[in-house]
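Welcome, and please open your viewer. We will go from stop to stop, selecting a few pieces at a time.

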Amino acid sequence: MSEPQGTEGSTRRLPVMEPVMEKEPAAGTGPPSDPDPGSGPAGRFWSARRVPAGIVALLLLLVAGAFLYDVVAVRAGRSALGWRRDLARQLADRPLDDTWVLVGAGVAAALGLWLLALALTPGLRKVLPMRRTRPDVRAGLHRDAAATVLRDRAMEVAGVQSARVRMRRRKARVRALSHFRELDDVRTDLDGALDDAVRGLGLARPPAVSLRVARPGRKG
């Protein structure tokens, strides 16, 4: 685990964050040379997706095994199983515009599109890639941890009673309530504090900050 440092003018260390570390195989056996900070691509992390892959492999194994057993049984002189005879008759008799045929085709198409989407998209949307300072190490920061850092930094600003942060890959939405001081002064201080906090996160693509400051509502 690592603790990112604040920028100039900050004397308080930010809360401990839990980065996702992924070490890539180095080209040589010796220690890597000192690269320029930020060198190398910092793309998104790809999910292993073991559960969908395991489910698909299991279903294909069961279906292929059932058909293979029946084919071998027919070749050995036995009669085909009833379900395969019924399936062949249904496929031969039902027209293509039949309701059940269309439903089955739609389900198969939707399943195929879902599998293609899983294969072509990185996944792990909640992990934000960080800047690469070494060619053989990749680091990622969970969005909840980044949102906690921004919220805690916002709470340090004088006049802020409460703050909520919603972190996305491209934007961080901050909503703060101020119970004293002028709202414009609080907003100015928050802009500076949040900009420093975003830079201190060390993300490869720092998110844009959307800030809104308001007064707390009256109770009762």
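Two strands count as paired if DSSP finds at least two bridges between them. Helices (H or I, at least four residues) and strands (E, at least two) are DSSP runs, numbered from the N terminus. The model is predicted, so local features need pLDDT of at least 70 and side-chain atom pairs pLDDT 80 or more, while totals for chains, interfaces and linings use all residues. Residues are numbered from 1 along each chain as its sequence is written, and side-chain values use heavy atoms, without hydrogens and water.

**Stop one: the sheet.** Select Arg 173, and you will find Ser 210 of S6 opposite. Now show strand S5 (residues 171-178), which pairs with S6 in the parallel sense over 7 bridges. Widen the view to an open sheet of 3 strands in the order S4-S5-S6, with mixed pairing. S4 (160-167) and S6 (208-214) are at the edges with a single partner strand each, so one side of each has no neighbour in the sheet.

**Stop two: two helices.** Next, select helix H1 (residues 50-75) and helix H2 (residues 82-93), which pack at about 100° with their axes 10 Å apart. Axes are lines fitted to C-alpha atoms, for helices over the stretch in contact, and angles run from 0 to 180 degrees between N-to-C directions. H1 and H2 are therefore roughly perpendicular (65 to 115 degrees). Contact (heavy atoms within 4.5 Å) involves Ala 66, Phe 67, Asp 70 and Val 74 of H1, and Trp 83, Arg 84 and Leu 87 of H2.

**Last stop: over the strands.** Finally, select helix H5 (residues 183-200), which lies across S4, S5 and S6 and runs at about 155° to S6.

Key. Parallel < 35°, antiparallel > 145°, perpendicular 65-115°, else oblique.
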